[in-house]
Amino acid sequence: VSTVSLRGALGTLFQVSIVLGLVITYLLGLFLTWREMAIIIAVMGAIVTVLLTFIPESPVWSWQRGRKETAAQDLRMLRAPDTPVDQILDAVDSQDS
């Protein structure tokens, strides 16, 4: 869904956020008991689970399953409203052929 120029940076950002989360967890472990850590981690996991329900399906996934209008709506939501959605989805369609 990201533009070609941003894909590498977004992949790197994902990896850095995982490592940063591990470092913060280890640092908090110096000051908290294991029970406090377990509670914090469980709460954070619950928050992430709830927030994940608001993420739309991948426009490419919807497009490949024939849900063209859903793919276009999701792509407009994930990118700017003036994005040339038809051109992007046509490119996805030509890659699948």
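## The salt bridge between E57 and R67

In this predicted model, E57 forms a salt bridge with R67, and the closest N and O atoms are 2.5 Å apart. A salt bridge is defined here as a side-chain nitrogen of Lys or Arg within 4 Å of a carboxyl oxygen of Asp or Glu. By this rule the count comes to 1 salt bridge. E57 lies in the loop between α2 and α3 (59–64), whereas R67 lies in the loop between α3 and α4 (68–78), so the pair ties together parts that are 10 residues apart in sequence. Side chains of opposite charge can pair when their charged atoms come close.

E57 is partly exposed, at 38% relative accessibility, and R67 is also partly exposed, with a relative accessible area of 35%. Buried means under 20% relative accessible area, exposed means over 50%, and partly exposed lies in between (1.4 Å probe, protein chains only). Helices are DSSP runs of H or I with at least four residues, numbered from the N terminus.

S62 lies in helix α3 and is buried, at 0% relative accessibility. Residues up to four places away in sequence being left out, S62 touches E57, R67, T70, A71 and D74; contact means heavy atoms within 4.5 Å.

S58 is placed in the loop between α2 and α3 and counts as partly exposed, at 33% relative accessibility. From C-alpha to C-alpha, S58 and A9 are 19 Å apart in space, and they are 49 residues apart in sequence.

## A nonpolar surface patch

I39, I40, V43, M44, I47, V50, L51 and F54 make a nonpolar surface patch of about 790 Å². Such a patch joins nonpolar side chains (Val, Leu, Ile, Met, Phe, Trp, Tyr) within 5 Å, using residues with over 30% relative accessible area and no salt bridge. Accessible areas come from the Shrake-Rupley method with a 1.4 Å probe. One of the patch residues, I39, is found in helix α2 (residues 34–52) and is exposed, with a relative accessible area of 56%.

## A charge over a ring

The charged end of K68 sits over the ring of W63, 4.2 Å from the ring centre. This requires NZ of Lys or CZ of Arg within 6 Å of the ring centre and within 35 degrees of the ring normal.

## Basis of the values

Residues are numbered from 1 along each chain as its sequence is written, and side-chain values use heavy atoms, with hydrogens and water left out. Local features need pLDDT of at least 70, side-chain atom pairs count only at pLDDT 80 or more, and totals for chains, interfaces and linings use all residues.

Key:
Patches are made of residues with over 30% relative accessible area and no salt bridge: like charges are joined within 9 Å, nonpolar side chains (Val, Leu, Ile, Met, Phe, Trp, Tyr) within 5 Å. Helices (H or I, at least four residues) and strands (E, at least two) are DSSP runs, numbered from the N terminus.
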